[in-house]
Amino acid sequence: MLLLPGFFMAAGCRVSSEPGVVLLDFESDGELDRLHWKCGTLFSMDAGHAVCGEGALKMELYPSSYPGMSFVPQERDWSSCGKFCFDAVNPSPKALRLTVRIDDLRESPDYPDRYNQSFSLDAGRSTVCVFTEELVTSGTGRRLDLEGIQRVFVFAAGLEERRTVYLDCFRLE
Amino acid sequence: MKFLFLGGSGALLSLLLYGFCVEPYRVEVTEVVIRDAELSRVLQGKVVLHLSDLHIRAMGRRERKVLDIVERTSPDFVFLTGDYVKWNGEYDAALEFLSKLRAETGVWGVLGDADFANSRKSCLFCHEPGSAKPTRKHSVRFLMASFETVETPGGRLRIAGLDFGSEESLAFLREALDHSQEATIVLAHSPLVFDRFRKEDDVFVLAGDTHGGQIPLPSRLWALLDCEKCVRYERGLFVDGRKKMYVTRGVGTSNLPLRIGRRPEIVRYRFEGPGDATP
């Protein structure tokens with residue numbers, strides 16, 4: 001099992017006693033409107049790689065600086081939840097390096113004042129989780145304000161070739 | 001007293017009628033002279049137009065008038081500085097408008113905040129629906145933190161476009177400017193990017209976003225309304241060291257469909273060198 005600071009695969013998750021909260025499950029096309037669309041990334045619905053329910057997000061990443069997705073969670077208060085998780089399917093035999101960024105400040109904070117963590121997605125299905133108690137900013141070492149999470153990003157950095165990844169079931173547990 | 005009240009009310013009503021029904025459609029061409037040795041050499045004899053903030057809801061009389069003026073002007077370059085749609089509005093009419101824009105050398109543009117209000121639909125400016133393929137609906141070249149270089153008989157012109165609200169985009173441009181001796185025109189939606197250039201940067205920034213305020217208000221009132229761009233760069237030409245910027249009043253309206261003393265404009269630039277005679 002791959003173990004990274006702040007990240008671990010689902011098999012090692014500590015199950016929270018709190019009921020889970022689904023942030024995005026891609027069960028309808030309308031959920032694509034909740035994503036921030038920008039150059040270098042193409043989003044579409046996919047039925048073949050769903051982990052929970054019937055649909056998943058197909059994210060095609062094109063060579064560019066930071067292709068990927070971001071969304072504003074409807075549930076801003078994560079303080080009663082133990083971890084943030086999502087499922088991913090990498091259809092390529094080649095690993096894909098992604099970064100999760102979480103902002104608790106309204107105005108887009110600089111790198112040192114936000115949570116950033118990179119991880120490698122091996123071929124096939126993975127579940128990525130991060131304990132909310134480990135949400136600390138990269139440079140200033142400040143704990144994120146769990147009652148005011150503003151935006152979540154999942155992206156690749158400096159991508160040099162076109163890649164595809166399927167994401168599903170963004171949730172709090 | 002009664003007559004005074006009736007007279008005042010009548011005048012106010014007339015002013016509002018003019019502001020809502022007449023002035024927003026009185027599109028004018030504003031000729032702006034830019035004194036710049038490099039740009040005058042590269043763009044000598046070229047017709048350069050600048051349109052911004054169209055905020056198109058439908059192809060109405062204002063849009064048809066703008067297209068008619070552009071066609072009659074036979075431009076070599078048309079530069080667009082964003083906000084083609086209403087906030088959270090539909091995109092079809094704006095795309096139709098763009099499909100009718102023609103210029104001898106080309107049409108270049110950037111997107112504004114209103115265009116990104118529905119970020120999924122904003123992709124339609126550059127791509128076929130649901131696809132990464134380039135759109136075939138129009139021939140406008142949108143510059144998203146990128147630049148293109150055009151050869152003219154007078155030399156090379158670099159046209160750069162800033163991605164709205166992107167620090168990364170500004171960093172890219174800084175890097176590009178530091179390694180270039182070419183005449184450079186920068187397309188940006190917000191005039192506040194002017195602050196991000198140094199006085200010694202030899203750039204000409206074309207911007208919009210403010211609509212010239214749509215009505216004349218004192219700076220203090222703009223400040224109370226928290227409109228920094230209107231306080232500092234409401235409209236017109238700004239020069240600071242070698243850097244220059246023109247902020248157009250734009251064509252359309254946002255919030256209230258009202259213009260008083262701020263007619264919609266299409267800007268036509270004339271570039272002159274330091275030694276050129278002024279008529």
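Is Gly124(A) buried or exposed, with 11 C-beta neighbours inside 10 Å? Gly124(A) counts as exposed, because 11 C-beta neighbours lie inside 10 Å (buried requires 20 or more other C-beta atoms within 10 Å, exposed 12 or fewer, partly exposed in between; C-beta atoms are placed from the backbone).

The model is predicted: local features need pLDDT of at least 70, side-chain atom pairs count only at pLDDT 80 or more, and totals for chains, interfaces and linings use all residues. Residues are numbered from 1 along each chain as its sequence is written, while chains are lettered from A and ligands numbered from 1 in the order in which they are written.

Select Gly124(A) in strand E10 (residues 124-131) of chain A; strands (E, at least two residues) and helices (H or I, at least four) are DSSP runs numbered from the N terminus. Leaving aside neighbours within four places in sequence, Gly124(A) is in contact (C-beta atoms, placed from the backbone, within 7 Å) with Val89(A) and Asn90(A). The C-alpha atoms of Gly124(A) and Val89(A) are separated by 5.2 Å.

Next, display the open sheet of four strands in chain A, ordered E6-E11-E8-E9 with antiparallel pairing (pairing needs at least two DSSP bridges between strands). Its edge strands are E6 (68-71) and E9 (115-121) of chain A. Within it, strands E8 (residues 96-103) and E11 (residues 151-155) of chain A pair over five bridges, and Val100(A) stands opposite Val154(A) in E11(A).

Finally, move to chain B and select helix H1 (residues 2-22). Among the 21 residues of H1(B), the count of buried residues is one.

Note on methods
Expected span 1.5 Å × (residues − 1). Contact = placed C-beta atoms within 7 Å.
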